[in-house]
Amino acid sequence: VLMIAQRNILGKSFSRSVKTTGPRPRSRTLTAVQDAILEDICYPTEIVGKRTRMKLDGKRVYKVYLDSKDQANVEGRTETYASVYGKL
């Protein structure tokens with residue numbers, strides 16, 4: 001069972017109401033929300049590094065490096081993490 005928080009993504013054309021002013025918060029951007037979801041999925045371990053690889057057909061492949069001290073606990077779950085992140 002994976003617990004993932006509900007997060008809001010605000011588009012680039014986000015406009016505030018008359019009462020509040022200012023730009024859109026960094027925590028509501030697409031990249032920040034995707035990073036937070038990835039952290040939620042891998043929760044017991046820490047993410048040490050991330051790499052994005054672009055293939056020739058334009059497809060993006062994300063490599064996420066998890067902390068090596070929790071390798072025994074995470075070894076069997078990596079496929080689950082990848083499939084859940086792909087579905088979201």
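**Exercise 1. A charged residue without a partner**

Task: Determine whether D70 is buried or exposed, and find which side chain of opposite charge is nearest.

Solution. The model is a predicted one, in which local features need pLDDT of at least 70 and side-chain atom pairs count only at pLDDT 80 or more, while totals for chains, interfaces and linings use all residues. Residues are numbered from 1 along each chain as its sequence is written, and side-chain values use heavy atoms, with hydrogens and water left out.

Step 1. D70 is buried (under 20% relative accessible area; exposed is over 50% and partly exposed lies in between, with a 1.4 Å probe and protein chains only).

Step 2. The nearest side chain of opposite charge is K69, at 5.4 Å. Lys and Arg count as positive, Asp and Glu as negative, and His and the chain ends are not counted.

Step 3. D70 has no salt bridge, a term that requires a side-chain nitrogen of Lys or Arg within 4 Å of a carboxyl oxygen of Asp or Glu.

Step 4. D70 sits in the loop joining strand 2 (60–66) to helix 2 (71–74). Helices (H or I, at least four residues) and strands (E, at least two) are DSSP runs numbered from the N terminus. Setting aside residues up to four places away in sequence, D70 touches P44 and T45, where contact means heavy atoms within 4.5 Å.

**Exercise 2. The salt bridges**

Task: State how many salt bridges the structure holds, and say which parts of the chain R7 and D40 tie together.

Solution. Side chains of opposite charge can pair when their charged atoms come close.

Step 1. The count of salt bridges is 3.

Step 2. One of them joins R7 and D40, with 2.7 Å from N to O. R7 belongs to the segment before helix 1 (30–41) and D40 to helix 1, so this pair ties together parts 33 residues apart in sequence. R7 is partly exposed, at 35% relative accessibility.

Step 3. D35 pairs with K50, and their closest N and O atoms are 3.3 Å apart. This pair links distant parts of the chain, since D35 is in helix 1 and K50 in strand 1 (residues 47–54), 15 residues apart. D35 is partly exposed at 31%, and K50 is partly exposed at 37%.

Step 4. K69 and D67 meet in a salt bridge at 3.9 Å, N to O. K69 is exposed, with a relative accessible area of 64%.

**Exercise 3. Two residues and their surroundings**

Task: Find which residues V61 contacts beyond four places in sequence, and how F14 is placed relative to R24 in space.

Solution. 

Step 1. V61 is part of strand 2 and is partly exposed at 29% relative accessible area.

Step 2. With neighbours within four places left aside, V61 contacts R51, T52, R53 and K55.

Step 3. F14 lies in the segment before helix 1 and is partly exposed at 33%. F14 and R24, 10 residues apart in sequence, are 6.7 Å apart from C-alpha to C-alpha.

**Exercise 4. The overall form**

Task: Say what pattern the protein follows along its sequence, and how its radius of gyration compares with the globule rule.

Solution. 

Step 1. There are 3 helices and 2 strands, in the pattern α-β-β-α-α.

Step 2. The radius of gyration is 16 Å, well over the 12 Å that the globule rule gives for 88 residues, so the protein is more spread out than a compact globule. The radius is taken over C-alpha atoms, and the rule is 2.2 Å times the number of residues to the power 0.38.

Step 3. Along the principal axes, the C-alpha atoms fill a box of roughly 55 × 35 × 20 Å.

Step 4. Of the 88 residues, 16% count as buried. Among contacts between residues at least 6 apart in sequence, 40% join residues at least 24 apart.
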